[in-house]
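Here is a short walk through one structure, helix by helix. Keep the 3D view open while you read.

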Amino acid sequence: MLNYRFPERFTELLKNSNLSYEKIALSLDIKSKGTISKYANGKLKPDISTITKIADFFDVSPIWLIGFTDDKHYII
């Protein structure tokens, strides 16, 4: 069974980035910084294309981001 870990891992990336939610939202072409916050606190689940964009932006594996592996740079 999948251990869905996107909110905690996304939050980790946000904290380590030192970028504002607004800057990240603009970079990812996401409507608002509020959406970033909702992803981080688990109130909203991103679709697979958004997960891929986030993973690319932060240079991590999308598989790691959602919780399939503990290898941050796992290659699919």
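Predicted model: local features only at pLDDT ≥ 70, side-chain atom pairs only at ≥ 80, totals over all residues.

Asp29 is one of the residues that is not glycine and still has a positive value.

Where does Asp29 sit? Its place is the loop between H2 and H3. Asp29 has a relative accessible area of 67%, and over 50% counts as exposed, so Asp29 is exposed.

## Other positive phi values

Asn18 is another case, with a positive phi near 60° in a residue other than glycine. You'll find Asn18 in the loop between H1 and H2. With a relative accessible area of 73%, Asn18 is exposed.

Then there is Asp59, which follows H4 and has a positive phi near 55°.

## H2 and its buried face

Now step back into H2, which covers residues 21-28. Which of its residues are buried? Ile24, Ala25 and Leu28 are. Look down the axis of H2 and these buried residues fall within an arc of 100°, so they line one face of the helix. What do they pack against? The partners are helix H1 (6-17), H3 and helix H4 (48-58).

## How H2 meets H3

Two packed helices are described by the angle between their axes and the distance between the axes. For H2 and H3 (residues 33-40), the angle is about 100° and the axes are 8 Å apart. That angle makes H2 roughly perpendicular to H3.

On the H2 side, the contact is made by Tyr21, Glu22, Ile24, Ala25 and Leu28, and on the H3 side by Lys33, Ile36, Ser37 and Ala40. Sort these by class and you get six nonpolar, one polar and two charged residues.

## How H1 meets H3

H3 also has H1 as a packing partner: the two axes come within 7 Å and cross at roughly 125°. H1 and H3 are therefore oblique to each other. H1 brings Phe6, Pro7, Phe10, Thr11 and Leu14 to this contact, while H3 brings Ile36, Tyr39 and Ala40. What classes are these residues? Seven are nonpolar, one is polar and none is charged.

## H4 and its two sides

Over in H4, the buried residues are Thr50, Ile51, Ile54, Ala55 and Phe58. Seen down the axis of H4, they fall within an arc of 140°, so they line one face of the helix. On the other side of H4, Ile48 and Asp56 are exposed. The buried residues of H4 pack against H1, H2, H3 and helix H5 (62-66).

## A closer look at Thr50

Thr50 belongs to helix H4. Is Thr50 buried or exposed? Its relative accessibility is 11%, and buried means under 20%, so Thr50 counts as buried.

Setting aside neighbours within four places in sequence, Thr50 is in contact with Ile30 and Tyr39.

Conventions:
Residues numbered from 1 in each chain as written. Heavy atoms only, no water. Axes fitted to C-alpha atoms, helices over the stretch in contact; angles between N-to-C directions. Helix = DSSP H or I, 4+ residues; strand = E, 2+ residues; numbered from the N terminus. Parallel < 35°, antiparallel > 145°, perpendicular 65-115°, else oblique. Contact = heavy atoms within 4.5 Å. Nonpolar A, V, L, I, M, F, W, Y, C, P; charged D, E, K, R; others polar. Buried < 20%, exposed > 50% of the residue type's maximum accessible area, 1.4 Å probe, protein only. Arc of directions from axis to C-beta.
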